[in-house]
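Colleague: I would like a close look at one part of this model. Please take the pockets, and keep it brisk.

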Amino acid sequence: MALRISNLSKTYSNGVKALQNLSLTIGNNMFGLLGPNGAGKSTLMRTIATLQEPDTGEIFLDDLNVLKEKDKVRALLGYLPQEFGVYPRMSASDMLHHLGVMKGITNAGERKEIVDALLQQTNLWDSRKKNLGTYSGGMKQRFGIAQALLANPKLIIVDEPTAGLDPAERNRFLNLLGSIGQNTVVILSTHIVGDVRELCPRMAVIAGGQVLLEGAPAETLETLHGRIFSKIVASQAEMTAVGEGHTVVSTQLTGGRHEVRIYSETDPGAEFVPVEQNLEDVYFLTIKQPKPSVAA
Ligand code: ADP
Ligand code: MG
């Protein structure tokens, strides 16, 4: 299966251009949609999920016209929205049965098999009878995946599912996402570079409603080979001086010391040491620069 998005634009009534002539082709397997807050990720996800209309553009899932044949798309879709509300006084098991009926799984025996398997897969079996309101953030997100997987979707959209999870919960959640079948289109939106690094064979970086970079994470990394240098700076004045003479990729505190990473095509001098490039470097450089991106 392939999802083809062409020339999608959306301007909200307040004048914000959330999507600007955005085109993207997404095949089977996990696709990472990486971008900062306000990039347009949720707008794009909701549009693909047939919950809102773009101003212009087309989306096709193979031959299916997504914006026109909404009912057919909804039958194929599993969607975990960014703001995922649950009925706090219902158990996971009851809620999945309820949603299963709504999805057309009317045979009770068949439904029980599907629901039980999903509760096992998402590691919620032992908590299946507890009210959803008592669930931790990670459990709620795993429940969100369980409901998205009901009715065997061919297109799965998860919008910033790891935001707010603690490291152990996030790990468990990423492992679960990674185990979802290869024969589906899975779109994972996130502002966390590590989510993409760990899970996604392909990714796009979007900001300002535009695609700034698209490719395999490993390929995009290659473009920075030998071009990232690092230095520990002692003072704000030194930091400022680095910023004036170089393309700063990021600054971060490591063990109480400020590390500054720069991009340079030539050796920047004695005090900088060459370091291995990472996906954060790719991401920060990409969202810093106006089109075209570093890898273009
Ligand atoms: P992301 O999910 O990447 O954070 P969004 O798609 O939520 O991005 O938002 C993209 C831009 O559109 C932001 O500037 C946001 O404030 C704006 N926006 C989102 N939804 C609405 C809305 N319903 N009305 C007006 N502006 C909106
Ligand atoms: Mg969002």
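What volume does the largest pocket have?

Modeller: The largest pocket has a volume of about 500 Å³. A pocket here is an open set of points on a 1 Å grid over the protein atoms alone, where a 1.4 Å probe fits, with protein on both sides within 12 Å along at least five of seven lines. Its volume is the space filled by probe spheres set on the points, which are joined across faces, edges and corners. This is a predicted model, where local features need pLDDT of at least 70 and side-chain atom pairs count only at pLDDT 80 or more, while totals for chains, interfaces and linings use all residues. Residues are numbered from 1 along each chain as its sequence is written, chains are lettered from A and ligands numbered from 1 in the order written, and side-chain values use heavy atoms, without hydrogens and water.

The lining of the largest pocket counts 22 residues, each with an atom within 4 Å of a point. Nearest its centre lie Tyr79, Phe84, Leu99, Lys103 and Gln147. Strand S6 (77–80), helix H3 (92–102) and helix H5 (137–149) each supply at least two lining residues. H3 gives the most, with four. Ala, Val, Leu, Ile, Met, Phe, Trp, Tyr, Cys and Pro count as nonpolar, Asp, Glu, Lys and Arg as charged, and the others, Gly among them, as polar.

The second largest pocket holds about 160 Å³ of space. Its lining includes Leu118, Gln121, Leu149 and Asn152. Here the classes are five nonpolar, five polar and one charged.
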